[in-house]
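Hello,

Here is the structure you asked about, with notes below on what came out of it. Please have it open while you read.

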Amino acid sequence: MKRYEKFADQIAQLIRSGMLAPGDKVPSVRHASRTYGVSPSTVFQAYYLLEDRGLISARPRSGYFVRELAQHPLAEQETSAQSARTTAVDVSELVFSVLDSLKDPHTVPFGSAFPSPELFPLPRLARSMAHALRDMPAHAVIADMTAGNPDLRRQIALRYMVSGVRLALEELVISNGALEALNLCLQCVTSPGDLVAIEAPAFYATLQVLERLQLQAVEIPVHPREGIDLATLADSLARLPVKACWFMSSLQNPLGASMSEEKKRALYELLQQHQVPLIEDDVYAELYYGSQPPKPVKSFDRDGLVMHCGSFSKSLAPGYRVGWVAGGRYAEQISRLKLMTTISPSVPAQAAIADYLQHGGYDRHLRKLRHALESQQDAMLASAARHFPPGTRVSRPSGGYFLWFEFPEAVDSLQLFQLALAQGISLAPGPIFSATRGFRNCARLNHGHPWTAQSERAMEVLGRILAAF
Ligand SMILES: Cc1ncc(COP(=O)(O)O)c(C=O)c1O
């Protein structure tokens, strides 16, 4: 990160925390330069950047001031759903119609599940692919299918270790993206008709997997900042024969909620008491904005009850389809299920990622990516505050690239989706995240793409459509 970007982040943090309130003057260039020990040109560049992000504005001959909208006056949501409900799932048609809308490259991709490909080091990865394949011993082309690329496994285990999770290498199963791992985990611990506790709202593929495996959903409400409602979960576990839980403890999709460490520990203790396995979907783990990676529930696992699923799809290599699960006591069974279905993710893709992790500068790339996503979040929040109708609420995730909007009651997000699409703008309407087609007046918007004049115009158009409901 450049010096002026770092300094801009410091000021943005003061604004976000309320230390600098709307209307306050930000330190003059001379003052800031002296106090923070940076050059006047660094301060200028930082202030231009904050101006671009919509956080401050210049007043002629008076200096820079925090914008009225800079603290994102859209209120934060309070909770997601009412109580736990048990439901058969039937959302696939709806999900596919939304996914279809994303195929047109000219559509503004607010509905997309991925960040912009421009944010990934694809040329460097290609070099890693060439290098790894040139040096690959012949026997590895076959051997790495069953066991997975040994360097990749070691690199993944090392990243767990650095983030405070002890893991036996044998626990790791490399998969075709996290989605395969999640599917296999669920298959491993359930039979058709069983009950599975999931979040409300939940990642739509969770619902599709339950639908495909003929499982029943027990929807647990999620607080937009604090994560699942533990009291409701405890009650459901006491009353119902729940066979597994599938939760995201950090940067939950779509709300962005992250549980505190105490809450993660309490969740683990609750599940341990009932001996209900947890499938922990942690694909956004690397996209936190703060200085410390959030710990997964897996870090509290004493007896292999947690299956922790991760992926490179969101942070490094979308399309390479390389993910994994640290499968705890279920690892061997998961591995066998994989051998009975897809056998293995592509060996060259595994080798490329292993080489990149060793030599490509993954951590440097991640720092840049997180920074881009955070400043794009600022831009989308500020833009929503300018254009969306009063009464709109929004989540404030501390990472990732999604915002969850709750619009005034009159808004029907499925209609909003159609009207926006007709104007070349996609979005992910609330009902695709719910087994009961709830969240009718909500939508998930992606800010994983560099913020441009086109993004700003698209928000303005959405604002006009919303105002007409
Ligand atoms: C919450 C969540 N879990 C899992 C996945 C699937 O990840 P992968 O592409 O590694 O299969 C996604 C991708 O959209 C996701 O958002």
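**Helix packing, core and one lysine**

Helices α15 and α16 cross in a right-handed sense. The residues in the contact of α15 with α16 comprise six nonpolar, no polar and no charged. On the α15 side these are Leu 416, Leu 419 and Ala 420, which meet Leu 462, Ile 465 and Leu 466 of α16. Helix α15 covers residues 413-422 and α16 covers residues 453-467; their axes come within 10 Å and cross at roughly 135°. Because of that angle, α15 counts as oblique to α16. Please keep in mind that this is a predicted model.

Next, the core. The largest nonpolar core has 133 residues. Helix α14, residues 362-387, gives the most to this core, with 10 residues. Cys 185, Val 196, Ile 279 and Ile 353 are the residues with the most contacts inside the core. Setting aside neighbours within four places in sequence, Ile 353 is in contact with Leu 152, Phe 312, Leu 316, Ala 317, Tyr 320 and Val 322. As background, nonpolar side chains tend to be buried together in soluble globular proteins.

Last, a residue of helix α14: Lys 368 is found there.

Regards

Key:
Residues are numbered from 1 along each chain as its sequence is written. This is a predicted model: local features need pLDDT of at least 70, side-chain atom pairs count only at pLDDT 80 or more; totals for chains, interfaces and linings use all residues. A nonpolar core is a set of buried Ala, Val, Leu, Ile, Met, Phe, Trp, Tyr and Cys residues joined through C-beta atoms within 7 Å. A residue is buried if 20 or more other C-beta atoms lie within 10 Å of its own, exposed if 12 or fewer, and partly exposed in between; C-beta atoms are placed from the backbone. Helices (H or I, at least four residues) and strands (E, at least two) are DSSP runs, numbered from the N terminus. Two residues are in contact if their C-beta atoms, placed from the backbone, lie within 7 Å. Axes are lines fitted to C-alpha atoms, for helices over the stretch in contact, and angles run from 0 to 180 degrees between N-to-C directions. Angles under 35 degrees count as roughly parallel, over 145 as roughly antiparallel, 65 to 115 as roughly perpendicular and the rest as oblique. A crossing is left-handed if the near helix is turned anticlockwise from the far one by less than a right angle, and right-handed if clockwise. Ala, Val, Leu, Ile, Met, Phe, Trp, Tyr, Cys and Pro count as nonpolar, Asp, Glu, Lys and Arg as charged, and the others, Gly among them, as polar.
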